There are 2 protein chains.
Amino acid sequence: MGTSTRALKIGVIGFGPFAQFLAKTMIKQGHLISATSRSDHSGIAGNLGVDFYRDMEEFMGLEHDVILICTSIMSLSDVVNSIPFHCLKRPTLFADVLSVKEHPRQILLQEVPEDSDLVCTHPMFGPESGKDGWKDLKFMYERVRVRDEGLCSSFLNIFEHEGCKMLEMSCEEHDRLAAESQFVTHTIGRMLSEMHITNTPIDTKGFEKLVQVKENTENDSFDLYSGLYIHNRFAKQQMKNLESALQRVKESLEVRMNKQDGPKCN
Amino acid sequence: MGTSTRALKIGVIGFGPFAQFLAKTMIKQGHLISATSRSDHSGIAGNLGVDFYRDMEEFMGLEHDVILICTSIMSLSDVVNSIPFHCLKRPTLFADVLSVKEHPRQILLQEVPEDSDLVCTHPMFGPESGKDGWKDLKFMYERVRVRDEGLCSSFLNIFEHEGCKMLEMSCEEHDRLAAESQFVTHTIGRMLSEMHITNTPIDTKGFEKLVQVKENTENDSFDLYSGLYIHNRFAKQQMKNLESALQRVKESLEVRMNKQDGPKCN
Ligand SMILES: NC(=O)c1ccc[n+]([C@@H]2O[C@H](COP(=O)([O-])OP(=O)(O)OC[C@H]3O[C@@H](n4cnc5c(N)ncnc54)[C@H](OP(=O)(O)O)[C@@H]3O)[C@@H](O)[C@H]2O)c1
Ligand SMILES: NC(=O)c1ccc[n+]([C@@H]2O[C@H](COP(=O)([O-])OP(=O)(O)OC[C@H]3O[C@@H](n4cnc5c(N)ncnc54)[C@H](OP(=O)(O)O)[C@@H]3O)[C@@H](O)[C@H]2O)c1
């Protein structure tokens, strides 16, 4: 752990694949991690060195510096509504890592006690793209309500320390850009998955890239993907754009084909 | 030039971007290249060390070992019909590099004089993916009608010598696989191009790959792309598959969204 960093007590709510992936690096950095989740993940938590709590009230009564929300986008609202905030012993920094940002920002601003701080983040990588370290991978965040600057910086420093490219931007700007990029990528990956595309003996370099995009998408849950669509207000337009782009490409081919069938031309 | 290779006199018909790209490596290997084309490319040919002929009869009267057809897929039939085969001084190996294979196989088998040999090939790379050399890039071929084995091997050796992965397969098998891989890649690239996707500050690794696919597609002519569709009998089914895959992905999102709106569930 670097000299400028401070050991944090971090409580994780939602201990699925992504939380487990994050926890490994946090533990390596010397932070103390406890976790709670809908399902019993005490086995895997124990192996990682994470204290797992089945009881939410007990978990919320621990003296955490940070509470990190890692549930699926689709379940966020139910999960936040079930958090016993009254058990908090002291003001705490709440953070989330959801792949959409306006939605958790709004819900957390509404539900997190006024004396606790809030930072909304999106690590733009996952267990696959981040498997060889986080260097140069992107980390987006908005300091939504921060009074304890030191604590918030210590938390963000977890990612900075690993070499992430730190990008401060509004949750709205994030969602607009992520619909254009990440949602489009997941949709293409899922299209290719529906088509069961697979390597052939004559793959071009371009096709090899598409197979990788497909495989990465298949590693993510359908809950994650549907969250990108349902809780990012910019995603529906991108779905329309994909559909009409495919139609335009097809039409351009048909126009060319009919020209070919008609009178000869250059 | 390797000791086992022989300097060939190669005549290129259709001196567009791909032929120019191939010619550079052939000249580096010590082969003698002449070319003819619809348009006057004598300037660029001169710079590369290629003899350019505006007159097809004069070109066909040269004593070539190999005549390499590099025209666009869409123009193949017209171009082959305009070749003055009667000017040939001796049997010659005809080869083509079109990105579809059943179509040129059929036309060339029909038009090339019976005493000349025929090999149909597809180098599975282009000026972009092959810019740092051809090592490990794929090269498909079918020996359609070969009697002069030595000459055919010397020609194929151009690609083997550069480290290409040599794949012998039928033109039919090629077209089936290329529709699934290369045509799908070009279609996705052109969809993304229609959408004007572009790098954002929060790109994921997957999205960066899609931007590369888009950029590579934009380097290829629309004639090439329409040829992949119109002259590969397996491509239309792949276009249908792309459309229905996108519809199924969209429907799965809508089903999930409606479930969310209805009675609460896990
Ligand atoms: N995977 C990535 O690459 C990545 C990258 C950046 C951000 N993220 C974000 O990180 C979060 C977690 O992602 P993930 O990959 O681990 O998969 P996910 O499917 O998005 O989320 C799984 C987590 O959500 C919980 N959950 C799901 N439904 C629930 C419900 N009805 N009630 C309570 N909890 C529920 C699961 O709990 P149990 O396991 O206890 O059942 C598990 O902890 C998501 O918000 C995602 O957008 C993921
Ligand atoms: N680009 C690649 O990465 C790649 C890779 C593998 C195979 N190929 C194949 O290589 C061939 C050439 O590809 P390319 O990238 O150079 O671009 P292209 O647009 O497919 O073909 C350009 C060539 O076709 C000629 N041409 C077009 N229309 C013609 C017509 N009506 N009459 C006579 N000639 C005509 C052009 O002649 P002028 O220039 O004289 O006008 C030029 O030589 C294609 O069959 C393609 O499928 C390309």
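1. Two strands are taken to pair if DSSP finds at least two bridges between them. On that basis, strand 6 (residues 117-123) and strand 7 (residues 138-145) of chain B are joined by 6 bridges. The two strands run antiparallel, and within this pairing B:Leu118 stands opposite B:Arg145 of strand 7. In general, the strands of a sheet pair through backbone hydrogen bonds, in either a parallel or an antiparallel manner.

2. The model under review is predicted. Chain A has an average pLDDT of 95, and 97% of its residues score at least 70. For the complex, the predictor reports an ipTM of 0.93 and a pTM of 0.93.

3. The pairing described in the opening point belongs to an open sheet of 8 strands in chain B. The strand order is 3-2-1-4-5-6-7-8, and the pairing is mixed. Strand 3 (51-52) and strand 8 (165-168) of chain B form the edges, each pairing on one side only.

4. Helix 6 (residues 149-161) of chain B lies across several strands of chain B: strand 1 (9-13), strand 4 (66-69), strand 5 (93-96), strand 6, strand 7 and strand 8. Relative to strand 7 of chain B, helix 6 runs at about 170 degrees.

5. How many disulfides does the structure hold over all chains? The count is 0. A:Cys120 is accordingly in no disulfide, and the nearest cysteine sulfur, in A:Cys171, is 4.5 Å away.

6. Chain A superposes on chain B through a rotation of 180 degrees with 0.0 Å of shift along the axis, at an RMSD of 0.0 Å. The two copies are therefore related as by a two-fold rotation axis. In chain A, the C-alpha nearest this axis is that of A:Lys209, at 3.1 Å. The same surface serves both copies, since 100% of the contact residues of chain A recur in chain B.

Note on methods: Residues numbered from 1 in each chain as written. Chains lettered and ligands numbered in written order. Predicted model: local features only at pLDDT ≥ 70, side-chain atom pairs only at ≥ 80, totals over all residues. Heavy atoms only, no water. pLDDT = per-residue confidence, 0-100. Disulfide = S-S within 2.5 Å. Helix = DSSP H or I, 4+ residues; strand = E, 2+ residues; numbered from the N terminus. Contact = heavy atoms within 4.5 Å. Axes fitted to C-alpha atoms, helices over the stretch in contact; angles between N-to-C directions. Least-squares fit on C-alpha atoms with pLDDT ≥ 70 in both.
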